[in-house]
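Trainee: I would like to go through this model with you. Please show it, and I will ask as we go.

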Amino acid sequence: MMPTKELSQLLGLARRANKLVLGSGPTLKAIQNQTAKVVFFPKDGGTSQHKKFSDKSQYYGAQFIDTLTRDEISQAIGLNRSVLAVSDAGFAKKINQLLEEKERN
């Protein structure tokens, strides 16, 4: 199974477990409150928004991931959202493992 597919499945599971923060406003608040562990931003998103979320994530210590497209993110969670954050440490750890595995291959 491809890590991207596994990542999508993990995001869907996190949504069903109610461990996601959805939308740009709530995601920014979660980053600033340091409850966001991993932030997903679409690689086909706007450049100014990309910079804003990237900078905030870096400043507040959240991992920033921009490898999925808007459609892939929406399909993974079953909602039409493009920006989201994972608020659970366990899901964040598994996401990091998947990304490290992808880099090794």
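Trainee: In which strand is Leu22 placed?
Mentor: This is a predicted model, where local features need pLDDT of at least 70, side-chain atom pairs count only at pLDDT 80 or more, and totals for chains, interfaces and linings use all residues. Residues are numbered from 1 along each chain as its sequence is written, and side-chain values use heavy atoms, with hydrogens and water left out. Helices (H or I, at least four residues) and strands (E, at least two) are DSSP runs, numbered from the N terminus. On that basis, the place of Leu22 is in strand β1.

Trainee: Is Leu22 buried, exposed or partly exposed?
Mentor: Buried means under 20% relative accessible area, exposed over 50%, and partly exposed in between (1.4 Å probe, protein chains only). Leu22 has a relative accessible area of 25%, so the class is partly exposed.

Trainee: Which residues does Leu22 touch, not counting residues up to four places away in sequence?
Mentor: Contact means heavy atoms within 4.5 Å. With that cut-off, Leu22 touches Thr27, Ile77, Leu79, Arg81, Val83 and Leu84.

Trainee: How far apart are the C-alpha atoms of Leu22 and Glu100?
Mentor: Along the chain, Leu22 and Glu100 are 78 residues apart.

Trainee: Is Thr27 buried or exposed?
Mentor: Thr27 lies in helix α2, residues 24–32. Leaving aside neighbours within four places in sequence, its contacts are Val21, Leu22, Val39, Phe53, Val83, Leu84 and Ala85. Its relative accessible area is 0%, so Thr27 is buried.

Trainee: Where does Asn18 lie, and what is its phi?
Mentor: Asn18 has its place in the loop between α1 and β1 (20–22). Its relative accessible area is 65%, so Asn18 is exposed. Asn18 is a residue other than glycine, yet its phi is positive, near 60°.

Trainee: Which loop holds Gln34?
Mentor: Gln34 also has a positive phi, near 60°, in a residue other than glycine. Its loop is the one between α2 and β2.

Trainee: Is Ala36 buried or exposed?
Mentor: The place of Ala36 is in the loop between α2 and β2. Ala36 touches Ala30, Ile31, Ala62, Ala85 and Val86, not counting residues up to four places away in sequence. Its relative accessibility is 6%, so Ala36 counts as buried.

Trainee: How far is Ala36 from Leu20, C-alpha to C-alpha?
Mentor: Ala36 and Leu20 are 16 residues apart in sequence. In space, the value is 8.7 Å.

Trainee: Why does Val86 count as buried?
Mentor: Val86 is found in strand β4, residues 84–86. Its contacts beyond four places in sequence include Leu11, Phe40, Phe91 and Ile95. Val86 counts as buried because its relative accessibility is 0%.

Trainee: Which residues touch the most other members of the largest nonpolar core?
Mentor: A nonpolar core is a set of buried Ala, Val, Leu, Ile, Met, Phe, Trp, Tyr and Cys residues joined through side-chain atoms within 4.5 Å. The largest one has 19 residues. Those touching the most other members are Leu11, Phe40, Val86 and Ile95.

Trainee: Which element gives the most to this core?
Mentor: At least two residues each come from α1 (3–16), β2 (38–40), α4 (70–77), β4 and α5 (89–104). With five residues, the top contributor is α5.

Trainee: How many residues does the second, separate core have?
Mentor: Its members include Val21, Leu28, Ala36 and Ala62. The count is twelve.

Trainee: In what order do the elements run from the N terminus on?
Mentor: The secondary structure comes to five helices and four strands. The order is α-β-α-β-α-β-α-β-α.

Trainee: What is the radius of gyration of the protein?
Mentor: The radius is taken over C-alpha atoms, and the globule rule is 2.2 Å times the number of residues to the power 0.38. For 105 residues the rule gives 13 Å, and the protein is close to that, so it is as compact as a globular protein of that length. The radius of gyration is 12 Å.

Trainee: What share of the 105 residues is buried?
Mentor: In soluble globular proteins, nonpolar side chains tend to be buried together. In this protein, the buried share is 39%.
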